[in-house]
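Here is a short tour of pockets, to follow in your viewer. Open the model and keep the selection tool ready.

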Amino acid sequence: MPIPVTIADDSLMSRKAVKRALPPEWDVDITEACNGKEALLAVESGKAEVLFLDLTMPELDGFGVLKYLHEHHAKTIVIVISADIQPEAKRLVDSLGAFRFLHKPLQAEQLRETLFEVGLI
Amino acid sequence: MNTLLSEDQRDALQELMNISMGQAANALARLVGAKVTLSIPRIVSVTPLQFAEMLNDTDVWYTRQSFLGHIRGEVLTVLSKTGCDSIGELMDYEVPLDHDALSELLLELANILAGACLSGFTEQLALNAKLSMPTLFFPENQQTVHVHWASTLMMEVEFKVEASQFDSRVVICLEDIAVDTLLQALNRLLE
């Protein structure tokens with residue numbers, strides 16, 4: 001069974017960058033979300049066992065998504081992939097229960113290591 | 001120029017700017033130990049005349065740097081006069097800043113911001129460009145502003161250090177000839 005994975009980012013280029021960086025052998029079913037609201041919809045409809053989450057997005061930003069998931073004790077594994085890499089963003093993301101905070105531009109090797117640590121590959 | 005960029009190319013360019021400016025903001029945040037906020041990048045086409053008009057604000061300092069390589073152009077860093085002492089203090093300068101210390105601070109800030117912006121930008125596009133050292137620029141001392149391009153794609157972002165009431169804008173101007181190279185590199189990222 002492929003793992004349901006959602007990539008939430010308002011930038012088409014960045015969603016493509018995530019898709020390109022995914023390990024080719026990893027069997028996934030990918031859903032794309034352009035904002036935080038779409039990301040939450042994907043979570044609620046069971047399409048996001050793993051959520052790759054951008055922070056700066058319209059409608060609802062990544063912090064809002066994290067807060068909602070945190071408050072609802074969601075089991076989704078969230079990997080934040082952000083252009084805002086300042087210490088304050090990382091602190092907030094950590095406090096909201098994200099599994100990992102990766103920097104843009106995303107490095108395929110770093111993503112692979114992260115997925116390995118979670119036991120997904 | 002706006003019509004020259006497809007919606008996807010504009011999105012990609014904006015995201016590349018976000019990423020490289022994020023790196024620049026992080027460099028500055030670590031240096032001053034305070035949070036730095038960023039504006040959404042603005043991407044427009046400008047003529048030399050419009051460029052010259054940007055250079056008549058007396059509330060700011062200006063530095064200019066040129067870059068050469070796969071893409072070429074210049075980087076203008078605009079730094080607010082307010083907040084310089086406060087930033088200087090965070091960066092261990094003796095305040096109030098005297099003339100020499102102020103120049104040094106402005107050039108240091110320009111180098112950090114413009115350097116991180118441009119290197120982040122070109123690395124992601126797998127292009128190379130070498131940035132010259134910044135020099136302070138005083139538009140009021142110039143009769144005309146000399147630029148060596150006819151029209152340009154301009155990318156601008158604003159940094160704010162709210163704790164210090166300081167803000168800065170980095171403006172990257174690409175020479176016309178570099179725009180094609182840029183578009184090709186963008187298309188590779190969108191494949």
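**Stop one: the second largest pocket**

Select α1(A): this helix gives six residues to the lining of the second largest pocket, the largest share. Helices (H or I, at least four residues) and strands (E, at least two) are DSSP runs, numbered from the N terminus. The model is predicted: local features need pLDDT of at least 70, side-chain atom pairs count only at pLDDT 80 or more, and totals for chains, interfaces and linings use all residues. Residues are numbered from 1 along each chain as its sequence is written, and chains are lettered from A in the order in which they are written.

How much space lies in the second largest pocket? About 440 Å³. A pocket is an open set of points on a 1 Å grid over the protein atoms alone, where a 1.4 Å probe fits, with protein on both sides within 12 Å along at least five of seven lines; lining residues have an atom within 4 Å of a point. Grid points are joined across faces, edges and corners, and a volume is the space filled by probe spheres set on the points.

Now pick A:A17, A:R20, A:P105, A:L106 and B:L189, the closest to the centre among 22 lining residues.

**Stop two: the largest pocket**

Move to the largest pocket, with a volume of about 690 Å³. Select A:T56, A:D84, B:N18, B:L38 and B:I40, which lie nearest its centre. Next, show α1(B), which gives the largest share of this lining, six residues.

Methods
Side-chain values use heavy atoms; hydrogens and water are left out.
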